[in-house]
Amino acid sequence: MTVWRQAAFLLGFQLRDELRTGEVIAVVIPFGSIALLVIPMAVGIETTLLASIGPGMYWAVVLLFGVVVTQRRTATSNPSHRDALVLLGVDPAARFAATAAASALLLLLFEIGVGLVMIVLYDPVVAGWGWLALVLPLVAAGLAMLGTIAGSVTDGGGALAPLLVAPLAIPILLGAAQATEGLRLGTGILRWILVLALVDVVLALAGVLTARVLEESSR
Amino acid sequence: MVGGESSTTGDGNKSQFAIRNSQFARWRQVCSCRQRAAGSGKPDLFLPAAGGPLLLTLAAMPEDPIVAVEGIAVRRPGALILRDVSLQVLPGEAVGLFGANGSGKTTLLRVLATLTRPSSGGGTVLGAPLGTDAVERVRPRIALVAHDPALVANLTLGENLRLLALLAGRRVDDAARALEAVGLSGASGRRAAVCSNGMRRRAEFARVMLAEPDLLLLDEAHVGLDPAAGDLVARIVESVTGRGGGVVLVSHERERVGSLIDRSLTLADGRITEPGR
Amino acid sequence: MKRPIEIAAAGTMLTALVAGLAVPPDAVQGDVQRIMYVHVPSAWLAYLAFGVTLIASVAHLRTRDLRWDRRAGASAEIGVVFTGLALATGMLWGKPVWGVWWTWDARLVLTAAMFFVYLAYLALRRATDDPVIRGKRSAVFGIVAALQIPVVHFSVVWWRSLHQPPTILRPGEPQIDPPLLFALLMAVTAFTVLYAALLRRRVELAEAEDALLTTARIEEPVAGSAVVGPLSRGEGA
């Protein structure tokens with residue numbers, strides 16, 4: 001069986017598992033939304049201020065709270081299940097790809113949900129919807145792969161995974177924020193798209209190439 | 001022991017001939033059990049395809065040991081788990097492993113399953129040298145039933161088995177057959193999280209049936225099983241050994257497993273201290 | 001006992017100190033500019049140390065030799081210290097020059113981010129007792145973490161930050177007078193030798209720490225020997 005088929009099977013069942021748990025929809029999206037709600041309580045509710053900081057705050061929330069999506073319960077299989085997959089000969093790269101893909105889809109859902117909340121609360125000027133349709137998945141993919149790698153090296157361990165992800169995700173944050181600002185100002189954003197794409201490619205390669213090592217280290 | 005004769009050499013170990021003899025006797029018994037099962041109409045995933053031969057010949061018996069390890073030590077930071085374990089499991093043999101709590105039985109099973117690398121020592125499992133990449137070739141032929149079931153809590157029993165069947169290259173229907181064989185077809189739609197320990201343990205045996213292993217490792221197999229399901233353990237052990245595979249069975253219940261095993265070993269002070277019977 | 005590398009480190013540091021104090025001050029910034037002879041080498045060492053962590057991490061994954069893992073961890077520890085020193089001296093330099101302790105320009109922020117990345121790396125190492133598992137996990141994370149270093153450097157050009165443009169590494173002529181450049185290069189050399197000396201000592205300490213955890217002792221009891229039979233009815237309090 002090819003790695004892709006294995007990944008596809010695992011992805012399907014992971015998404016089914018998450019659908020039943022509902023952790024992202026019922027917990028993480030509301031959590032991110034609450035963050036966007038309390039920020040104006042701290043910085044002020046002036047309309048022009050909120051309109052200017054809204055997109056930036058959005059990306060910060062996506063980064064910090066998106067980590068929670070990648071560390072959800074359904075992303076970490078119990079040790080016995082993991083052992084069973086190892087004995088079945090499931091390629092570790094397939095497991096990484098499936099977990100990262102599931103996290104990416106759920107992060108995209110999170111971005112859209114929290115994005116709608118931000119537009120309502122902050123009323124920013126949003127331009128370049130077409131480009132944003134590219135930026136959102138690139139960000140989701142990068143955060144998902146980072147979170148999956150962090151989850152693997154920490155074996156799903158508590159606060160350590162977010163600490164590993166957050167500073168490494170800063171290039172993703174900067175790329176997304178600069179691209180959004182560039183779209184608003186009408187300046188070129190191609191370099192930021194390339195930054196996001198480059199980070200995604202590097203993380204994908206790193207995740208696939210180190211998957212076997214990380215699987216050994218979890219036993 | 002099930003049927004057969006035994007003779008021992010001066011050092012208390014069975015001779016190869018004696019082991020072969022008892023294994024052939026076991027085959028004859030397994031084959032007759034299979035004939036009865038085929039006649040009863042009950043599904044058995046270890047049955048050959050319809051019309052295939054039921055009687056296996058001695059010449060088809062694999063020659064190399066299923067497990068042959070020597071000097072195995074496992075060390076964790078600040079703790080020595082296994083000191084010097086040497087163990088052999090021959091084709092068609094079921095070995096019982098006993099020992100006190102904390103003696104390292106589960107760790108030894110994980111070493112034999114190639115899931116834990118020994119700190120020192122070596123040997124082969126299904127012909128693959130331990131601690132090398134070669135073990136990846138033989139892993140699909142190994143099944144481990146551990147303390148905790150290998151089930152995803154929020155998936156149903158049926159979904160769990162279907163996932164494992166697909167990853168094992170089996171048909172999706174085989175998952176349903178396996179659940180039926182262990183008496184769980186009626187609970188196929190129930191989430192694993194709400195099933196009892198015994199039900200989850202039965203689902204584990206369904207998983208073993210899908211794997212059709214040549215080396216079966218059972219860690220406290222009877223825990224949580226009712227008497228009817230206890231017979232299931234015997235059938236699975238006989239199925240594996242009858243096909244020339246090996247079984248290592250960890251248990252605290254010597255009386256319950258005594259009839260299933262050919263030899264019993266005890267793990268103490270990080271070593272196997274009672275080879276043979 | 002002092003080794004040649006440690007004697008060399010002491011000697012070059014002393015020379016760099018003398019050079020840094022002896023050269024004339026900057027025409028515009030005055031004596032406060034001398035912080036540069038600590039700040040710039042610290043930043044250089046931060047990059048060097050993390051580069052060594054990357055190389056050692058890759059080597060560990062290829063060879064599974066724990067010596068490479070110890071080098072990676074030791075180098076990261078030294079890197080964190082010098083990144084912190086670079087940030088602190090940068091703040092001390094920035095306050096009189098820019099009027100603020102901290103500016104939110106890209107390179108400062110990303111240097112701070114690098115600091116936190118390697119704090120996280122060290123936290124990951126501390127979270128794992130088993131040297132073999134620690135080595136694998138740290139190596140993977142060390143490689144991923146080091147990949148952001150080029151982004152730190154080129155962010156200066158891309159984001160047109162307030163931070164002083166890189167005077168040595170920018171394409172074209174460096175914008176620093178020869179005497180100051182000499183003192184700076186002396187300082188960079190001294191810090192590099194110091195790094196090598198610290199790395200060697202720290203690796204030796206790590207070897208001793210791992211040996212304490214993993215070396216078998218004669219007739220060491222197995223972990224299971226701590227388990228004895230429970231008290232029977234009537235025994236105990």
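## A buried glutamate

Glu238(B) counts as buried because it has 21 C-beta neighbours inside 10 Å. A residue is called buried if 20 or more other C-beta atoms lie within 10 Å of its own, exposed if 12 or fewer, and partly exposed in between, with C-beta atoms placed from the backbone. Glu238(B) sits in helix H7 of chain B. Between Glu238(B) and Leu151(B) the C-alpha to C-alpha distance is 25 Å, and the two are 87 residues apart in sequence.

The model is predicted: local features need pLDDT of at least 70 and side-chain atom pairs count only at pLDDT 80 or more, while totals for chains, interfaces and linings use all residues. Residues are numbered from 1 along each chain as its sequence is written, chains are lettered from A and ligands are numbered from 1 in the order in which they are written.

## Strand E7 of chain B

Strand E7 (residues 215-219) of chain B has five of its five residues buried. Helices (H or I, at least four residues) and strands (E, at least two) are DSSP runs, numbered from the N terminus. In a regular strand the side chains alternate between the two faces of the sheet. In E7(B), Leu215(B), Leu217(B) and Asp219(B) point one way, whereas Leu216(B) and Leu218(B) point the other way.

Two strands pair if DSSP finds at least two bridges between them. E7(B) runs parallel to strand E6 (residues 142-145) of chain B, joined by four bridges, and Leu144(B) has Leu217(B) as its bridge partner. Five bridges link E7(B) to strand E8 (residues 246-250) of chain B, also in parallel; here Leu218(B) is opposite Leu249(B). From E7(B) the chain passes through helix H7 (residues 227-242) to E8(B) in a right-handed β-α-β crossover, that is, with the strands pointing away from the viewer, the path from the first strand over the helix to the second runs clockwise.

## Chain A

Chain A contains nine helices and zero strands. Its C-alpha trace spans about 60 × 35 × 25 Å along the principal axes. Of its 219 residues, 52% are buried.

## The contact between the chains

Chain A gives 21 residues to the contact and chain B gives 25 residues, where two residues are in contact if their C-beta atoms, placed from the backbone, lie within 7 Å. On the side of chain A that touches chain B, the elements giving two or more residues are helix H1 (3-21) and helix H4 (79-87).
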